[in-house]
Amino acid sequence: MADGILLERAGVPAVSICTDSFLAPAQAMAEAYGFPGYEFVTMPHPLASLDDEQIQARVTDVLPGVLRILGLES
Amino acid sequence: MEITAVTSGGTPPQDDAPLADPAEIRRAMEYYADRGWTDGLPVVPVTESYLAEFLALTRRDPDDVVMAMPHLNRRCTVRLAAINAALAGCRPEYFPVVLAAWESLVAEGYAPRAIWQSTTGTAPFLVVNGPVRERIGLNSQGNVFGSGFRANATIGRAIRLGAINAFGLRPHQLDQATQGTPAKYTACIAENEEQSPWPPLHAQFGLDPSDSAVTAMVIRSCLHIEARHTVVPEQLALDIAGTVSRTGALIHETISALVVLSPEHARLFARAGWGKPDLSQFIYEHAVRSRAELAAVGKDAIARQTRWRLPAGHPDSVPDQAQADGDPDTVRVLNSAGAVLVVVAGADNAGVSAVVETFGPRGGPPPVVRVADPAGPAGTRQERTARG
């Protein structure tokens, strides 16, 4: 979350992604960085135990959200 | 209104019980709880005049930073450390120990780098040595990890409340611990120097035994070792090494531990001519797992970048250091004898000891920090820190 905010502030387009288990800590971190309205993408938990195919499916699922935050046409 | 007696067996005389307004006391307690300024237990209300009693016991400026977390843009000052020590129930004379604890945690290094926010769920753990133990009533004997002693209970709690209030590390928010540990309420022990056959921890690492010192660590758990069955030092040391090397603890390539020996176990080793470094060396050499045991739990290789353990078949896996050494089938779980510290604490009444699982690979001298004498010079950090 911090990396995403710092990259944005440095002028580098970035989107933070976390699993839904970290929604509240992620929002707390954004508030700690003075960016309470920071938009990011969440996906279902867990992530670490997924295989290659499941990871690919996650990418497909979240990509529209990533592109929307970046301000690109999907 | 008179305070109600709290013990069983009738009402004892209460000639010295203070007169108090219970409604006002409860209102103060609720005030702190409503603001999230507690660990879930009631705290002691702090006024500027009470705070001044704490600040009078250090020569440091109230605005001095005792720990910073740059990634949160937050810092704990001497003033905030004092407020949270008072909230925790410390007496003012405990405050120099609390300040030394913060300084040791900074020198230890993991806490400022966000480990207290991790899902791992670590807690600060403090070992206190020297004359200050007796001066402020720190328990080093029976029930040393347990309840019952104000100095132990509140000095450890002062750090937790500082984490909550100075850094905002509240559970479900910036503290993401999956389960945490009971040590997150408080974890502060004193070494039982009087019943130890060996030099105390702070003297082992360069301070004078007449100094008082705090050595802070970040821990994951405390494991109980019940060993009343043997008087053979190698058997007892292997029992301890087997506990240190449990696979569930082996998250990184190597791990570390603090062994807390009861006086009875310490004497068993000392009678055989072992010192603390000998026990550390033995545990280093014998805290091992076979390659097959690690493969059975999927921890026989490490990740390329993080060096966390994972199965050899994982696409990100690389061989661990043991693969490059002479005996690849025997994997040491410690990187050196220095990754195991030894202290003596607890009652001299049974063969019961503990392994405290400290976070990180470690090795090298621990962050032993001298407790400043409030009447003496403030000193520089180099003067107060054994490892300089």
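Author: In chain B, residues 24 or more positions apart account for 77% of the contacts with a separation of 6 or more, a contact being heavy atoms within 4.5 Å. The model is predicted: local features need pLDDT of at least 70, side-chain atom pairs count only at pLDDT 80 or more, and totals for chains, interfaces and linings use all residues. Residues are numbered from 1 along each chain as its sequence is written, chains are lettered from A and ligands numbered from 1 in the order in which they are written, and side-chain values use heavy atoms, without hydrogens and water.

Reader: What makes B:Leu341 count as buried?

Author: Buried means under 20% relative accessible area, exposed over 50%, and partly exposed in between (1.4 Å probe, protein chains only). B:Leu341 has 12% relative accessibility and therefore counts as buried. Leaving aside neighbours within four places in sequence, its contacts include B:Phe205, B:Met217 and B:Pro366. Buried residues make up 51% of the 388 residues in chain B.

Reader: Why is H2(B) called roughly perpendicular to H3(B)?

Author: The axes of helix H2 (residues 48-55) and helix H3 (residues 78-88) of chain B come within 9 Å and cross at roughly 110°. H2(B) is therefore roughly perpendicular to H3(B), as that class covers 65 to 115 degrees, whereas under 35 is roughly parallel, over 145 roughly antiparallel and the rest oblique. Helices here are DSSP runs (H or I, at least four residues), numbered from the N terminus. Axes are lines fitted to C-alpha atoms, for helices over the stretch in contact, with angles from 0 to 180 degrees between N-to-C directions.

Terms used: Helices (H or I, at least four residues) and strands (E, at least two) are DSSP runs, numbered from the N terminus.
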